[in-house]
Amino acid sequence: MPSKELRIGLVGYGFMGRTHSNGYKRACDFFDLEYRPVLKAVCGRTEKRVKEFAEHWQYESWETDWKKMIARDDIDAIDICTANDTHAEIAIAAAEAGKMVLCEKPLARTTAEAEPMVAAVEKAGVKNTVWYNYRRLPAVTLAKQLIDSGKLGRIFHYRANFLQDWTISEDLPQGGEGLWRLDVAAAGSGVTGDLLAHCIDTAMWLNGGINRVTARTETFIKERKHNLTGKVEKVGIDDACLFMCDFDNGSLGLFESTRYARGHKALYTFEINGEHASIKWDLHDLNRLEYFDHRDESIVRGWRSIHVSDGDQPYMGNWWVPGLCIGYEHSFVHQVADFLKDLETGATTQPDFRNALETAKVCDAVLSSGKDGAWHDTGVKI
Ligand SMILES: NC(=O)c1ccc[n+]([C@@H]2O[C@H](COP(=O)([O-])OP(=O)(O)OC[C@H]3O[C@@H](n4cnc5c(N)ncnc54)[C@H](O)[C@@H]3O)[C@@H](O)[C@H]2O)c1
């Protein structure tokens, strides 16, 4: 039974506000933890809606100003689930107030904006993490274990895609609720910071640092009506981005993301080819890891489809019985559980702000290369 409390103040009650709230509510039901999250307060700007959210998810209280929430002494950790342009201000204020900070990805809109966030949490000495949650899907964690155990041998290729199709219509406006991702001022970038940031985080976790990149970005719809000004304005985000890169270990990377791939809603896939073996993963079939091992006896050699659901596979011993699946939402439950376990042991929870800064550096280099077409060093140090 958990004997200690971690009192949460959540900022933002949209998509991520819901996934995180679910994670806080479920973690102690399935993991053996000393700390129990307490849903102390939720903050949103619209009183009626934040109150409804608080009632639905059983938060003890609600606020309409995050500064007031940070000032409360009955809250230990601030969880940032707002649009990207608000992350830095909230995170720095929370750290300065001595609160732990859990921040949604991307850490900030740019590396320059993210750097003071890293400095703030490190100066305050507060525990911090960034919700690159795909690391915590069991099949992805298993991929990490296979690579770290040396099963793939020397890695030659890393390939990742993140494909969507929801912004193809030129009638879709930019900006404001639900559409801040199309507004460069709120989002910082388009698919690079929103989708490729996930791919880059997973890639550097699995395969080490990315040291240089060359990219091609495109904005297919050049102008859209802006919901906040009512005027037709230039679109400043990248609708699509393709980049090539070099990893520190000598392997080559190829990444593609777009919101213009008709038929694809959230097709996140990666494939890694090593000297002895290859692995592939697909978010649409998230419990499976495809594995090919050249060392298998030739007459039965082929791609194996590993259903990652057995008790000795990552995280799965905490869930049902072998053969039964878990879903997307469990990656957030796992991140909460890992954060609480690390709080107990004193370990850092990866990715922390410093580690997420490395992803921001790659995104910046990709966007710079998208402008001039040159190779850009990332400055990543992992
Ligand atoms: N880890 C993931 O897989 C994942 C998935 C989706 C989004 N995200 C990230 O999560 C963050 C939020 O995305 P979302 O999809 O939940 O967006 P959303 O639009 O669904 O919700 C954003 C929320 O922030 C609130 N908000 C904005 N400014 C605020 C302020 N100043 N004070 C209080 N509330 C404010 C909005 O009202 C809304 O409730 C983004 O940084 C996004 O990149 C991560």
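The legends below accompany close-up views of a predicted model.

**Figure 1. Overall architecture of the predicted protein.** The protein contains 10 helices and 17 strands. Its C-alpha atoms occupy a box of roughly 65 × 55 × 40 Å along the principal axes. The radius of gyration is 21 Å, which agrees with the value near 21 Å that a compact globule of 382 residues would have. Of these 382 residues, 49% count as buried. Among contacts with a separation of 6 or more, 69% join residues 24 or more positions apart.

**Figure 2. The boundary between domain 1 and domain 2.** The domain assignment places residues 4–133 in domain 1 and residues 134–377 in domain 2. The centres of the two domains, taken over C-alpha atoms, are separated by 23 Å. Where they meet, 37 residues of domain 1 are in contact with 38 residues of domain 2. On the side of domain 1 that touches domain 2, at least two residues each come from α1 (15–30), β2 (35–43), α5 (111–124) and β6 (128–130). Helix α1 supplies the largest share of that side, eight residues. By class, the side of domain 1 that touches domain 2 comprises 20 nonpolar, 10 polar and seven charged residues.

**Figure 3. The crossing of helices α1 and α9.** The axes of α1 and α9 (residues 329–345) come within 8 Å and cross at roughly 60 degrees. The crossing is right-handed. From α1, the residues involved are T19, H20, N22, G23, Y24, R26, A27 and F30, which meet E329, F332, V333, Q335, V336, A337 and L340 of α9. This contact has eight nonpolar, five polar and two charged residues.

**Figure 4. The enclosed helix α6.** Helix α6 (residues 138–148) is largely enclosed by the rest of the structure, because eight of its 11 residues are buried. The buried residues are P138, A139, V140, T141, L142, A143, L146 and I147. Their cover includes α8 (191–207), β14 (277–282) and β15 (288–293). After α6 comes G150, with a positive phi near 90 degrees.

**Figure 5. The surroundings of W375.** W375 lies in the loop between α10 (353–372) and β17 (376–377). It counts as partly exposed, because it has 14 C-beta neighbours inside 10 Å. Although W375 and T214 are 161 residues apart in sequence, their C-alpha atoms are 4.6 Å apart in space. Leaving aside neighbours within four places in sequence, W375 is in contact with R212, T214 and S369.

Figure 6. Most peptide bonds are trans. The bond from K105 to P106, however, is cis, with omega near -15 degrees. P106 is placed in the loop between β5 (100–103) and α5. The bond from Q350 to P351 is also cis, with omega near -5 degrees. P351 belongs to the loop between α9 and α10.

Figure 7. Most residues other than glycine have a negative phi. In Q58, phi is positive, near 65 degrees. This residue is found in the loop between α2 (47–57) and β3 (61–63). Q58 counts as exposed, because it has 9 C-beta neighbours inside 10 Å. Y315 also has a positive phi near 65 degrees. Y315 lies in the loop between β16 (304–307) and α9. With 21 other C-beta atoms within 10 Å, Y315 is buried.

Definitions and conventions
Residues are numbered from 1 along each chain as its sequence is written. This is a predicted model: local features need pLDDT of at least 70, side-chain atom pairs count only at pLDDT 80 or more; totals for chains, interfaces and linings use all residues. Domain bounds come from an automatic or database domain assignment. Two residues are in contact if their C-beta atoms, placed from the backbone, lie within 7 Å. Helices (H or I, at least four residues) and strands (E, at least two) are DSSP runs, numbered from the N terminus. Ala, Val, Leu, Ile, Met, Phe, Trp, Tyr, Cys and Pro count as nonpolar, Asp, Glu, Lys and Arg as charged, and the others, Gly among them, as polar. Axes are lines fitted to C-alpha atoms, for helices over the stretch in contact, and angles run from 0 to 180 degrees between N-to-C directions. A crossing is left-handed if the near helix is turned anticlockwise from the far one by less than a right angle, and right-handed if clockwise. The radius of gyration is taken over C-alpha atoms; the globule rule is 2.2 Å times the number of residues to the power 0.38. A residue is buried if 20 or more other C-beta atoms lie within 10 Å of its own, exposed if 12 or fewer, and partly exposed in between; C-beta atoms are placed from the backbone.
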